[in-house]
Amino acid sequence: MHVLVTGGTGFIGRMVCRALLSDGHEVTVLSRKTDTIASVLGDKFRGVETLDVNQIGTSVDAAVNLAGEPIANARWTPQRKDLLIESRRGITRQLNDFFAQLPQTPSVLVSASAVGYYGDQQDVLVDENTPPHEEFTHELCASWESEALKAESLGIRVATPRIGLVVGRGGFLSKMLPAFKMGLGGKMGSGRQWMPWIHIQDLVSIILYLLNHAHCSGPYNAVSPTPVSNLEFAKTLGSVLHRPALIPMPTFAINMMFGEMGRLLTTGQKAIPKRLLEEEHYTFKFDSLEEALKDVV
């Protein structure tokens with residue numbers, strides 16, 4: 001297949017692109033900096049700066065949409081919120097406009113979303129049918145998914161994996177490791193908030209599964225079957241690093257430092273991959289947080 005990937009040079013995208021290439025697919029990567037693609041991904045990937053038929057060609061069999069401004073890189077001012085939404089909705093809209101120009105549309109679009117779709121769910125067990133709590137993360141993910149689902153009007157199958165915290169060599173874990181390696185890590189806020197996590201290898205496998213199975217559409221919780229509390233996550237990471245994890249960051253300090261964005265650290269979802277387990281009988285390679293962390297740190 002010829003697969004078009006947005007966000008292909010990011011933490012998740014790099015792994016997805018390499019897995020697609022390993023499976024024998026032709027991969028075109030949409031990037032604002034095409035000159036970096038060879039250094040980041042290798043010289044077997046073609047990079048394009050715009051969704052232009054003249055650059056990409058008229059034959060695209062599938063697309064994976066991972067593009068979006070990082071959600072936790074700055075405080076959520078009104079301007080930042082607008083940027084976060086438009087960076088996701090805008091590129092997805094551009095994809096649909098591009099698909100409409102093709103003589104034959106792709107068979108499938110796998111467009112990323114996040115478990116933030118559900119908002120803060122406290123101790124509720126969250127599956128794909130759980131009603132969301134209305135807040136900014138829900139607005140962000142819902143608008144992203146809504147734009148992706150418009151591809152269905154073009155006859156394209158759309159799957160929207162709602163991704164949890166990705167355990168890998170990069171992402172959120174890279175920001176936590178320095179403090180934990182110095183023995184300065186610990187729970188955040190109450191520590192009771194749930195952290196739905198997934199190992200990067202399982203996430204890549206799920207994205208390719210959704211790409212390759214014609215019956216898969218709609219939302220899928222891309223999380224491990226074993227969500228943990230923030231306190232358990234901190235203790236497990238400290239144990240894997242052979243360091244204490246006893247220094248908490250209180251909620252008031254998080255709110256002072258990060259404002260509304262601090263809710264990413266103090267709230268969560270006890271999300272489970274119900275559709276993947278019950279409908280697809282998907283087998284996770286990593287369902288133990290300890291083993292997942294050992295693999296990457």
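Reader: Is N230 buried or exposed in this structure?

Author: The model is a predicted one. In it, N230 has a relative accessible area of 6%. Buried means under 20% relative accessible area, so N230 is buried. The residue belongs to helix α8, which covers residues 230-241.

Reader: Which residues does N230 touch, not counting residues up to four places away in sequence?

Author: With those residues set aside, N230 touches K187, M188, G191, Q193 and M195.

Reader: How is a pair of aromatic rings described, and how many aromatic pairs does the structure hold?

Author: The distance of the centres and the angle of the planes describe a pair of aromatic rings. This structure holds six aromatic pairs. One of them joins Y117 and Y118 edge-to-face, at 5.4 Å centre to centre and with 85° between the planes. Both Y117 and Y118 are buried. Y209 and Y282 also form an edge-to-face pair, with 6.4 Å centre to centre and 80° between the planes. Y209 lies in helix α7 and Y282 in the loop between α11 and α12, so the pair ties together parts that are 73 residues apart in sequence.

Reader: Which residue lies over the face of Y117?

Author: R162 lies over that face, at 3.6 Å from the ring centre.

How values were computed
Residues are numbered from 1 along each chain as its sequence is written. This is a predicted model: local features need pLDDT of at least 70, side-chain atom pairs count only at pLDDT 80 or more; totals for chains, interfaces and linings use all residues. Side-chain values use heavy atoms; hydrogens and water are left out. Helices (H or I, at least four residues) and strands (E, at least two) are DSSP runs, numbered from the N terminus. Buried means under 20% relative accessible area, exposed over 50%, partly exposed in between (1.4 Å probe, protein chains only). Contact means heavy atoms within 4.5 Å. Rings of Phe, Tyr and Trp (its six-membered ring) pair if their centres lie within 6.5 Å; planes under 30 degrees apart count as stacked, over 60 as edge-to-face and the rest as tilted. A charge sits over a ring if NZ of Lys or CZ of Arg is within 6 Å of the ring centre and within 35 degrees of the ring normal.
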